[in-house]
Amino acid sequence: MQNVTDRTRNPFGMRPDCQTYVPGYGDANADFHLVGDHPGVHGGVETGVPFTGEPWSAAFLSALTDAGLIAGFDSDAASAANETPVRTERSFFSYLHMCAAAGTPSEDDYADMERFFDAELRAIAAHVLLPVGARATDHVLRQYTAQAQTTDVDMQSLHAEEILGSGWLVVPIRDPAQWADGDADRLVDSLRELQSTDFRRESDLGRFIAGSDPYLVR
């Protein structure tokens, strides 16, 4: 199923009950869904786009560009008036907790915002989930895979490694603020290798139904 929208900023009109928030951004028919924590950790308050406006943003977005997940970005974008600070093609960015608030959200706050994140994730229906940082990785492993009980959330070892989920592939990303030498290259190499495979893992069941249209399922 294709989402019919050309909106890149908040394509599904999410409206959480907070004054300032950073909604999802990108290609509504994305193959790759990057999942961050909240604006206080991963930025975007000034631009309205996740993963922007931080000291590490240029290095992070450069790696995604080199990996082919985005078409480029405007490193000088400093305000929400710029409608396309990141030129997405096959990716979508969103947060577990999109509201901007002072300090770290409480567990109740995260639980309250889960409905927005989960609805957006299932609407995008990307093939690959890329949780950024330990909290997002732990959440994705617990909610969208059967691997949480057997996987230690050690981001240094999980960084850029493939984990099979329930209908998704999961590729955790170490928090960009903690990247060391080689982490960017490791991510780029992993994502390029992934894209050289049948990462969508779809089967055409169209032969079992009337008509000539394909019917792709995971």
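Biologist: What is the handedness of the disulfide of C18 and C99?

Modeller: Bear in mind that this is a predicted model. The whole structure holds one disulfide. The sulfurs of C18 and C99 sit 2.0 Å from each other. The torsion about their S-S bond is about -85°, so the disulfide is left-handed.

Biologist: How many residues apart in sequence are the parts that C18 and C99 tie together?

Modeller: C18 belongs to the segment before β1 (25-26). C99 belongs to the loop between β5 (91-95) and α3 (107-124). The pair therefore ties together parts with a sequence separation of 81 residues.

Biologist: Which residues have the most contacts inside the largest nonpolar core?

Modeller: Nonpolar side chains tend to be buried together in soluble globular proteins. The largest core here has 30 residues. Elements giving two or more residues to this core are β2 (32-36), α2 (57-66), β3 (70-73), β5, β6 (128-131) and α6 (183-195). The residues with the most contacts inside the core are L34, F60, L64, F93 and L130.

Biologist: Which residues are in contact with L34, leaving aside its neighbours within four places in sequence?

Modeller: L34 is one of the residues with the most contacts inside the largest core. Beyond those sequence neighbours, L34 is in contact with F51, F60, L64, L69, S91, F92, F93, S94, L130, V132 and I173.

Biologist: Where do the buried residues of α2 lie around its axis?

Modeller: The buried residues in α2 are S57, F60, L61, A63 and L64. Together they cover an arc of only 150° around the axis. That puts them on the same side of α2.

Biologist: Which elements do the buried residues of α2 pack against?

Modeller: Start with the buried set, which includes F60 and L64. Its packing partners are β2, β3, β4 (86-88), β5 and α6.

Biologist: Is W56 buried or exposed?

Modeller: W56 is found in the loop between α1 (39-42) and α2. Leaving out residues up to four places away in sequence, W56 touches V41, H42, F51, P176 and A177. Its relative accessibility is 10%, so W56 counts as buried.

Biologist: Which are the edge strands of the sheet?

Modeller: Six strands form an open sheet with mixed pairing. The order is β1-β5-β2-β6-β8-β7. An edge strand here pairs on one side only. The edge strands are β1 and β7 (163-164).

Biologist: What is the bridge partner of I163 in β8?

Modeller: β7 and β8 (residues 169-170) run antiparallel. Two bridges join these strands. The bridge partner of I163 is V170.

Biologist: At what angle does α3 run to β5?

Modeller: α3 lies across β2, β5 and β6. Its angle to β5 is about 170°.

Biologist: What covers the buried residues of α4?

Modeller: Helix α4 (residues 134-144) has A136, T137, H139, V140, L141 and Y144 as its buried residues. The cover includes β2, α3, β6, α5 (155-158), β7 and β8.

Notes:
Residues are numbered from 1 along each chain as its sequence is written. This is a predicted model: local features need pLDDT of at least 70, side-chain atom pairs count only at pLDDT 80 or more; totals for chains, interfaces and linings use all residues. Side-chain values use heavy atoms; hydrogens and water are left out. A disulfide is a pair of cysteine sulfur atoms within 2.5 Å. Helices (H or I, at least four residues) and strands (E, at least two) are DSSP runs, numbered from the N terminus. A nonpolar core is a set of buried Ala, Val, Leu, Ile, Met, Phe, Trp, Tyr and Cys residues joined through side-chain atoms within 4.5 Å. Buried means under 20% relative accessible area, exposed over 50%, partly exposed in between (1.4 Å probe, protein chains only). Contact means heavy atoms within 4.5 Å. The arc is that of the directions from the helix axis to the C-beta atoms. Two strands pair if DSSP finds at least two bridges between them. Axes are lines fitted to C-alpha atoms, for helices over the stretch in contact, and angles run from 0 to 180 degrees between N-to-C directions.
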